[in-house]
Amino acid sequence: MIHLTKRQLVDKCIGSRIHIIMKNDKEIVGTLQGFDDFVNMLLDDVTESEATPEGRRVTKLDQILLNGNNITMLVPGGDMPDT
């Protein structure tokens, strides 16, 4: 049986697409370039989705740095859900 730590699991996602759900209900999909001990993450080729009173707003970004304290869930290989 192989036991991987959380850090090792996230490390295996570097260079891959990852779907991230933030505490503020934003959802972000991008290619993970790196992270630190606090799980602050650097992503490239990013799509950010956010619910607003007017409907869902989608923003495309070249790069983003996420604060690890605001991350709720990580889904390796995930794509943005169709809504």
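Predicted model: local features only at pLDDT ≥ 70, side-chain atom pairs only at ≥ 80, totals over all residues.
Me: How do strands of a sheet pair?
Reply: They pair through backbone hydrogen bonds, in either a parallel or an antiparallel sense. Here the sheet is open and has five strands, with antiparallel pairing.

Me: In what order do the strands stand?
Reply: The order is S4-S3-S2-S1-S5. Strands S4 (55-66) and S5 (71-76) stand at the edges with a single partner strand each, so one side of each has no neighbour in the sheet. From one strand to the next, the twist averages 30°.

Me: How many bridges join S1 to S2?
Reply: Five, and S1 (residues 17-22) runs antiparallel to S2. Within this pair, Ile21 stands opposite Glu27 in S2. The two strands make a hairpin, with four residues between them. Look at Asp25 in that turn: its phi is positive, about 70°.

Me: Over how many bridges do S2 and S3 pair?
Reply: Seven, again in the antiparallel sense, with S3 spanning residues 41-52. Then find Leu32, whose bridge partner in S3 is Leu43. S2 and S3 also form a hairpin, this one with five residues between them. Val39 in the turn has a positive phi of about 60°.

Me: Where do side chains point in a regular strand?
Reply: They alternate between the two faces of the sheet.

Me: Why is S2 described as largely enclosed by the rest of the structure?
Reply: Buried means under 20% relative accessible area. Eight of the nine residues of S2 (residues 27-35) are buried, so the strand is largely enclosed.

Methods
Residues numbered from 1 in each chain as written. Heavy atoms only, no water. Buried < 20%, exposed > 50% of the residue type's maximum accessible area, 1.4 Å probe, protein only. Pairing = 2+ DSSP bridges. Axes fitted to C-alpha atoms, helices over the stretch in contact; angles between N-to-C directions.
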